[in-house]
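Here are my notes on this one, jotted down as I went through it. Have a look at the model first, then read on.

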Amino acid sequence: MIELKNILKTYELNKNDKVVALDNVNLTINEGELVVLKGASGSGKSTILSLIAALSKPTSGEVIVDEKKISKLPDNFASVYRRDNIGFIFQKYNLIPTLSVKENIILPLVPLNPPANEILEKLDKVAQMFNISHKKDALVRNLSGGEQQRVAIARANVNDPKILIADEPTANLDEKLSLNFIEILRELKALNKTIVIATHDPLFFDLDFVDREIQVHNGKIVL
Amino acid sequence: MKNKINIYLVEYAINAILRQKSKSFFIVFVFTLLTFLLTSVFFITNSIRYELDSTVDTLPQIIVQKIKAGRHYDIDVDAVDNILEIAGVSDAVARVWGYYYFENAGVNFSVVGIEQYENQYKNSFEKIASKFDLSEIDAKVSMVVGQGVKATMHDSYYKEYFNFIKPDGTLKRVNIAGVFEADTQLESNDVIVMSKDTIREIFEIDESKATDIVVKVANPEEIPMIVSKIKLIYPDTRIISSEDLKVSYQNIFDYKSGIFLALFIISLFTFFIIIYDKSSGLSSEEKREIGILKAIGWRVDDVLKEKFYESFIISFFAYTLGVGLSFAYVYIFQAPILQNIFVGYSQLKTSFELPFIFDLQTLFLVFFLSVPIYIAATIIPSWKVATLEADEVIR
């Protein structure tokens with residue numbers, strides 16, 4: 001279970017100027033739930049995702065995942081938490097363009113130094129699941145947008161995380177590819193993963209497998 | 001059981017180097033060049049220092065030269081007897097020697113007259129005196145030459161004899177009786193040893209004159225006192241003790257070391273500019289990559305390990321390449337250009353071979369001046385970025 005309690009998140013623009021990204025946000029997401037965070041650009045959706053993934057810390061308040069206060073974790077523990085629990089699909093995919101598909105997908109496994117057969121097994125599993133096996137040796141920079149997104153999804157799943165986070169996953173895709181992504185999402189939901197998506201793409205609204213849609217406006221959750 | 005070295009991290013580091021081919025090539029090129037320059041200079045100075053130390057060890061204790069109008073003139077041979085009477089002097093010998101300029105090759109030969117009974121010469125000459133029968137050399141008008149002299153003469157087709165041009169323009173033919181090897185090439189490479197009579201004829205030196213007188217003192221502690229006594233008897237002489245010669249050699253070497261220092265400073269300066277440039281910040285691509293790695297679960301130390309492998313591979317490769325090239329340049333190719341700077345007056349001296357001196361200290365010094373500094377310059381900015389919030393770096 002993911003809990004955000006009394007979250008305040010501010011960004012300092014300069015010494016005298018602060019921007020409030022989230023203001024007194026309280027949110028609970030149950031295990032296996034698929035939640036869509038809706039809202040305009042700059043409303044604070046991505047900041048919520050960033051806090052759940054421990055990519056940043058709240059200015060005040062607590063983020064609790066499976067009863068662990070991850071907002072208090074030191075940097076190295078936060079990395080381990082991400083590696084073991086979180087699969088993050090970024091808006092711009094954040095792949096390393098000069099590496100191959102295979103090398104990008106296994107990146108989260110590299111620090112663990114697992115045996116070669118274990119790496120291959122995990123790689124094959126996610127590459128097949130997200131239909132990118134045939135491009136394993138291609139450089140990411142030579143792939144289409146849809147293919148790059150599949151690589152990003154495969155990378156996010158290679159550690160079999162409990163929580164999947166996607167930030168504007170269809171922002172760079174056409175409608176057909178967006179619908180493909182929604183089908184992938186349906187499959188992941190069937191695997192009982194907790195999924196949190198931040199989007200303002202209407203394609204995600206009123207989907208039958210989405211458990212909740214939450215509106216975020218000016219750093220606050222609109223009930 | 002897990003491997004201690006994470007092979008995937010090493011592979012990632014190698015990939016990272018190969019991904020930035022032109023940047024990596026530039027760093028390897030500059031790093032190799034600087035390592036090569038520094039190591040070559042160290043190797044050359046080590047070799048020359050060894051040569052000079054060996055030379056200084058074999059110098060005569062006292063040399064007496066006649067000075068007139070501030071210039072060196074031939075001294076009366078009779079002075080030997082007077083010097084021998086000074087208490088503490090165990091031996092004194094009049095030397096006949098000079099420089100013969102061989103115009104054809106543009107080099108100077110050091111021509112030394114020697115007799116068998118003399119024991120005042122440098123160790124290497126004493127060995128020559130014992131090895132070759134000098135009386136026979138005298139009878140056959142022959143000479144023994146250093147290896148450099150032999151090579152120079154061979155180049156001019158003098159294989160069995162050499163024609164010296166006397167001051168009156170006539171020729172003096174002297175046979176080459178043999179070639180000697182000495183302890184130090186710097187000292188003996190350009191040397192020709194022949195009988196005193198022959199050398200007197202070539203340089204037209206009168207029987208009653210000598211180039212200088214070398215004096216041996218039983219107790220080295222008494223050298224300063226003997227020097228002052230000789231000066232009292234012969235005020236028109238310049239008396240050089242082995243200590244003075246050591247200082248003189250050292251001064252020449254220090255002067256050369258000044259040039260070395262300049263090269264050294266330039267090399268380090270260039271290196272530190274690169275280091276400064278590197279440590280002053282990472283490119284936005286490099287920062288973003290670190291941010292991505294952090295976001296997908298790499299810890300700070302995973303990032304730093306990867307950066308360590310990356311910088312170690314590149315710097316150690318360049319260091320090894322630089323040292324290897326330097327070995328070949330100095331000891332196989334005999335350091336063209338740089339040797340001339342350090343040895344000096346090369347146009348007038350026959351060439352000599354740099355002796356192979358394996359100095360582990362030099363290798364360590366160059367290593368510690370380059371590799372760890374480069375690694376630190378790579379790791380520190382990466383550490384600065386890696387310790388920021390991943391979200392901030394990616395954004």
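1. A term to settle before the counting: a polar contact here is a pair of N or O atoms within 3.5 Å, and within protein one of them must be able to donate a hydrogen and the other to accept it. Residues adjacent in sequence count only if both atoms are side-chain atoms. On that basis, 15 residue pairs are in polar contact between chain A and chain B, with both residues at pLDDT 80 or more. Do keep in mind that this is a predicted model.

2. Which elements of chain A give two or more residues to the side that touches chain B? They are strand 1 (2–12), helix 1 (45–52), helix 2 (75–85) and helix 4 (116–129). Helix 2 of chain A makes the largest contribution to that side, with six residues. By residue class, the side of chain A that touches chain B has 16 nonpolar, nine polar and seven charged residues.

3. Now for the overall extent of the interface. Chain A puts 32 residues into the contact and chain B puts in 30. Together the two chains bury about 2,600 Å², and carbon and sulfur atoms account for 54% of that area.

4. How many salt bridges does the rule find across the interface of chain A and chain B? The answer is one. The partners are Asp75(A) and Lys294(B), whose closest N and O atoms are 3.0 Å apart. This pair counts because the cut-off for a salt bridge is 4 Å.

5. A few words on chain B by itself. Its 395 residues include 51% that count as buried, and the chain has 15 helices and 13 strands. Take the contacts in chain B between residues at least 6 apart in sequence: 80% of them join residues at least 24 apart. Chain B exposes about 19,900 Å², with 59% of it supplied by carbon and sulfur atoms.

6. Two backbone spots in chain A deserve a look. Most residues other than glycine have a negative phi. Asn94(A), however, has a positive phi, near 50 degrees. Asn94(A) sits in the loop between strand 6 (86–89) and helix 3 (101–106) of chain A. Is Asn94(A) buried or exposed? Its relative accessibility is 5%, so Asn94(A) counts as buried.

7. The other spot is Asp160(A), where phi is again positive for a residue other than glycine, near 50 degrees. You'll find Asp160(A) in the loop that runs between helix 5 (145–157) and strand 7 (163–167) of chain A.

Conventions:
Residues numbered from 1 in each chain as written. Chains lettered and ligands numbered in written order. Predicted model: local features only at pLDDT ≥ 70, side-chain atom pairs only at ≥ 80, totals over all residues. Heavy atoms only, no water. Contact = heavy atoms within 4.5 Å. Buried area = accessible area lost by both parts, 1.4 Å probe. Salt bridge = Lys/Arg side-chain N within 4 Å of Asp/Glu carboxyl O. Helix = DSSP H or I, 4+ residues; strand = E, 2+ residues; numbered from the N terminus. Nonpolar A, V, L, I, M, F, W, Y, C, P; charged D, E, K, R; others polar. Buried < 20%, exposed > 50% of the residue type's maximum accessible area, 1.4 Å probe, protein only. Areas by Shrake-Rupley, 256 points an atom, 1.4 Å probe, with all protein chains shown as cover.
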